[in-house]
Amino acid sequence: MTAVALMLITATFPACKGITTSSSEKDSDSIKQAELDNVMLPDTTFQSVEDLVYDVEVLDTVTSGELNSLADPYEGVDGILTFRGGPKRDARRFSGTVKGTPSKIVRDWVTHTAVRGDWGGGSGWTGEPVYIKWSDAQVAQFKKSSPEISANFSNEEIIVGSLCGEVYFLDYATGKQSRSPLIVGNPIKGSVSLDPALNGSLYVGHGIPDNQPFGHLGIDLNTHQIAYTWGRDPKAKRSWGAYDSSPIVVGQFLFWPGENGTIYKYERLGNGKLKMHSALRYIIKGDGGAGIESSMAVYKNYGFVGDNHGDVLCINLNTMKPVWHYDNHDDIDGSIVLEVENGVPYLYCGCEVDRQTGANALTHFVKLNGLNGSLVWEWSAPSARSYQGEKNHFDGGLYCTPLIGDGNCKDMIFASFNQLDGKGDSEFLAFDKNSGKLLYRKPLNFYAWSSPVGFYNEKNELFVVIGNSSGHLYMFNGKTGDLLFDEVLSSNFESSPVVIGNTLVVGSRDGGIYRFHLE
């Protein structure tokens, strides 16, 4: 039954070469494809789920948990609203544009946040800003309803969470504050998320428990106030309650993984208000509870996450039950990236060297079939932790979220890896995404957690920009790996950039939020 169901769902309708297709036949094919796009994936449980002990708590027994739509709610919205742009976490939605071959990265502005406590200010990993272009009607509504709107408020706004425990609102053009900063009580490490319905809801997760409650929040942008708070979960399988994961909207629900080993499913009520519908809590047999720092990738009604024990889980978002499980060996902090090929979702996922010790420790980078969790290819390399003093250490392997190439790099995927083969720094690697073959590796100074972003010129040639923790911004020719730019522009870029046109906005651990442009 399962095999038949999967075969039906992934069927395609290729056009025959040499045969002219009438407009009515084309319309029919489009209808068939649209029908397939709206077909739910099966409620299947593969044998690998036997590795898990889990329970699904349904708090709202009246409201159906089935998704009311499989359409991408982020499509068509003029902005970048969640980490890496949308459900696939592939950053394609915000690929940049340049002319010719760029050779410079130029600073446009910098805005400094407050600095508080041990974590200071600015932003850290993952820290990707939201970019939104509000309509004139929405601008008028905010100016009427929000008491914290400044004279700098305009249609284009940057929203970013800071390690100082505040959310910052900036005018995209000038970097000046468009609204007063909103204090949320604890440092923010992850990427904030704006509801794609533009219903006044902003979602923010705490990263460090300086104060209680410690958890995640819904913010009402119309009143500039916290409208929902979820703190400690007494039923969680793990006590650490941070939320570095950027939540994602699918259908009428919001899905929010936590570092307490729980994935929450919310009904969205607007204006920052949420109502919990259900929750999945799990452990791996013999390995205890694991937290989720990566952001969930989604294809139809399947959600995909990696946790800090190396587990990749596929979840049926209708029922919140696991579909399959894959062991990728070690801590997964970088988000899974998804690409659909011939109707099949494929996942790219890498791990760190955190729990492993000794000379045999490896970082693993894999491609998986998202329908069943089977391995397509695997690349691995020796890696290790590095220690700085008695307290601080840096894990080896992959922290970033990989970048899938397009244009002249459509068969390539890019990522940075730390401390490979006994080296203390990081490297920028390119792979053939079909075979997993390593195409090239380029040195980066110190460690690199920031995720790479892409810019394309009029010839559809790809140029990749990536930052590192010693404040460098690098620019590479994606196809050849040639280094086009390398300059120290801050002290520490852990955060991932958001890209708008030929610009990128990114935070730094030096307390600054920066805008740069390529030329």
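The chain holds 3 helices and 39 strands, both taken as DSSP runs numbered from the N terminus (helices: H or I, at least four residues; strands: E, at least two). Its radius of gyration is 22 Å, close to the 24 Å that the globule rule gives for 519 residues, so the chain is as compact as a globular protein of that length. Here the radius is taken over C-alpha atoms, and the rule is 2.2 Å times the number of residues to the power 0.38. The model is a predicted one, in which local features need pLDDT of at least 70 and side-chain atom pairs count only at pLDDT 80 or more, while totals for chains, interfaces and linings use all residues. Residues are numbered from 1 along each chain as its sequence is written, and side-chain values use heavy atoms, with hydrogens and water left out.

Turning to the interior, 60% of the 519 residues are buried, meaning under 20% relative accessible area, with exposed over 50% and partly exposed in between (1.4 Å probe, protein chains only). The largest nonpolar core has 53 residues, and Val167, Leu202 and Phe255 have the most contacts inside it. Such a core is a set of buried Ala, Val, Leu, Ile, Met, Phe, Trp, Tyr and Cys residues joined through side-chain atoms within 4.5 Å. Strand 16 (residues 273-284) gives the most to this core, with 6 residues. Another core, of 47 residues, lies apart from it and includes Tyr168, Phe455, Val505 and Tyr514. Leaving aside residues up to four places away in sequence, Val167 touches several partners, among them Ile159, Pro181, Leu202 and Ile219; contact means heavy atoms within 4.5 Å.

A search of the whole structure finds 32 aromatic pairs. Rings of Phe, Tyr and Trp (its six-membered ring) pair if their centres lie within 6.5 Å; planes under 30 degrees apart count as stacked, over 60 as edge-to-face and the rest as tilted. The ring centres of Phe365 and Phe417 are 5.9 Å apart and the planes stand at 75°, so this pair is edge-to-face. It links distant parts of the chain, with Phe365 in strand 24 (residues 362-369) and Phe417 in strand 30 (residues 412-418), 52 residues apart. Both Phe365 and Phe417 are buried. Elsewhere, Tyr203, Tyr228, Trp230, Tyr243, Trp256, Tyr264 and Tyr266 form one aromatic cluster.

Charged groups also meet rings. Arg179 lies over the face of Phe142, at 4.2 Å from the ring centre, and the charged end of Lys265 sits over the ring of Phe253, 4.6 Å from its centre. The criterion is NZ of Lys or CZ of Arg within 6 Å of the ring centre and within 35 degrees of the ring normal.
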